[in-house]
Amino acid sequence: MPDGTWAAPRLATREAAALMGTYTRQPVEFVAGSGAWLTDAAGNRYLDGLSGLAVTSLGHAHPAVAHAVTDQVRRLVHTSNLYYTAPQVLLAERLVQTLGWSDGKVFFANSGAEANEAALKLARRHGKRQHPDKVGVVALDGSFHGRTLATLAATGNPAKHEPFEPLGDWVTHVAHDDPQALDAAVTERTSAVLLEAVQGEGGVRAVGDPMWQAARAACDRVGALLIADEVQTGLGRLGAWYGWQQTRAAPPAPPASPVAPDVVTLAKALANGLPIGAVVAVGEAGKVFGPGDHATTFGGGPVVCAAALAVLRTIEDEGLVARAATLGAELAARLAGLAAASPLAASTRGRGLLQALVLDGPAAGAVTAAALRHGLVVNAVAPAIVRLAPPLVLTDPDLDELVERLRRALDDVQAGRS
């Protein structure tokens, strides 16, 4: 168990001299990982309750991914996208299958921000075919879509905008729970509505069915595209392959029919830690881009595609989507128990294995620091919100450890121990 005498400080000074200060680091240096566990430079073990921000869903050093990467690196690493490579085509075919879109088409990028950037460009291209001014986007307050200029503009967090303004006036933000406002914001100049199933960076806040229903209806009304940002929620984390599949369309749609988007963006968990992003579009939306409209040097390279194919195969073979649903329900129940027992905690929220402990006040940073001292990795996604996104391979004993270590962290903060 970590005791506070960590090895990280020896790197901190050197890092401050050599790297731009874009991150607020936690005082630990990880050097290895296996399954749901990480090891620091002093040999201490930590339960990874965050999966590197919902990335390592298969845990660390998963043998299927390691084998796929090693095998591919030995044969072919890069050719550029001027040539065909089988792993890219196989991965595109497999992603389309997971979505159930027989005519879906894929573009591969290197990250979630790049996937959302590509989706926004696709929506503009689609819109401008209808009218030269049809380039607007409607997004939600509290959303997070990336840190490129376009995705930053789409992100519903003014504090992140301010250092880089002006960002243009092509994005309209509406409250995350106001379907009437969303409908009113969508006009003939709107090219897309951009939604997350759960706003992870926005405090693990689910976007309700009425918003999805309003977005679908508004997009259909004006010929815009509905984009589902599944960068954090996709690939099983919520207990379904995709978060939009858990939505419910309004009547007269058949019972249990989800609100289907036109475009889905993916990244984080797709290659279990290797950099990749993907845009999947269905129907006419999949036919928008032509040669030269968009491109990338590294996106969809053979190594990351081989890794992603191993990830998808493992999720399916090991039943990890259903496992996430079961574990998520158990985690939510355990967190509710903690919330009921701790004066610091107020409630919980989330879906599947993307959960949050909501605190009574701005103590999330202190709780996160205390959890790290107890060998548990979680993060303060907002001043009063502790986010948990453990790997889908979490075992039942791991879950017991996660809850117990978080309980100790709450007790420490409550008692003023630091």
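Reader: What makes the crossing of α12 past α13 right-handed?

Author: α12 passes α13 in a right-handed crossing because the near helix is turned clockwise from the far one by less than a right angle, anticlockwise being left-handed. Bear in mind that this is a predicted model, where local features need pLDDT of at least 70, side-chain atom pairs count only at pLDDT 80 or more, and totals for chains, interfaces and linings use all residues. Residues are numbered from 1 along each chain as its sequence is written, and side-chain values use heavy atoms, with hydrogens and water left out.

Reader: Why are α12 and α13 called oblique to each other?

Author: Their axes come within 8 Å and cross at roughly 125°. Under 35 degrees would be roughly parallel, over 145 roughly antiparallel and 65 to 115 roughly perpendicular, with the rest oblique, so α12 and α13 end up oblique. The axes themselves are lines fitted to C-alpha atoms over the stretch in contact, with angles from 0 to 180 degrees between N-to-C directions.

Reader: Which residues meet there?

Author: Ala-366, Val-367, Ala-370 and Ala-371 of α12 meet Leu-406, Ala-409, Leu-410, Asp-412 and Val-413 of α13, where contact means heavy atoms within 4.5 Å. By class, that gives eight nonpolar, no polar and one charged residues. Asp, Glu, Lys and Arg are charged, Ala, Val, Leu, Ile, Met, Phe, Trp, Tyr, Cys and Pro nonpolar, and the others, Gly among them, polar.

Reader: What makes α3 roughly antiparallel to α10?

Author: Helices α3 (residues 63–75) and α10 (residues 302–317) pack at about 155°, their axes 8 Å apart. That angle makes α3 roughly antiparallel to α10. This crossing, too, is right-handed. Among the residues of α3 at the contact are Ala-64, Val-65 and Gln-72, and those of α10 include Pro-302, Val-303 and Thr-314. The classes come to eleven nonpolar, two polar and no charged residues.

Reader: Why does Ala-364 count as buried?

Author: Ala-364 sits in helix α12 and has 0% relative accessibility, so buried is the label. Beyond four places in sequence, Ala-364 contacts residues including Leu-359, Pro-383 and Ile-385.

Reader: What makes Gly-146 buried?

Author: Gly-146 is in the loop between β5 and α6; its relative accessible area is 4%, so Gly-146 is buried. Setting aside neighbours within four places, Gly-146 contacts Ala-113, Thr-151, Leu-152 and Thr-155.

Reader: How do you know that Leu-238 is buried?

Author: Leu-238, in the loop between β10 and β11, has 4% relative accessibility and therefore counts as buried. Residues up to four places away aside, Leu-238 touches Ala-197, Arg-351 and Leu-354, among others.

How values were computed. Helices (H or I, at least four residues) and strands (E, at least two) are DSSP runs, numbered from the N terminus. Buried means under 20% relative accessible area, exposed over 50%, partly exposed in between (1.4 Å probe, protein chains only).
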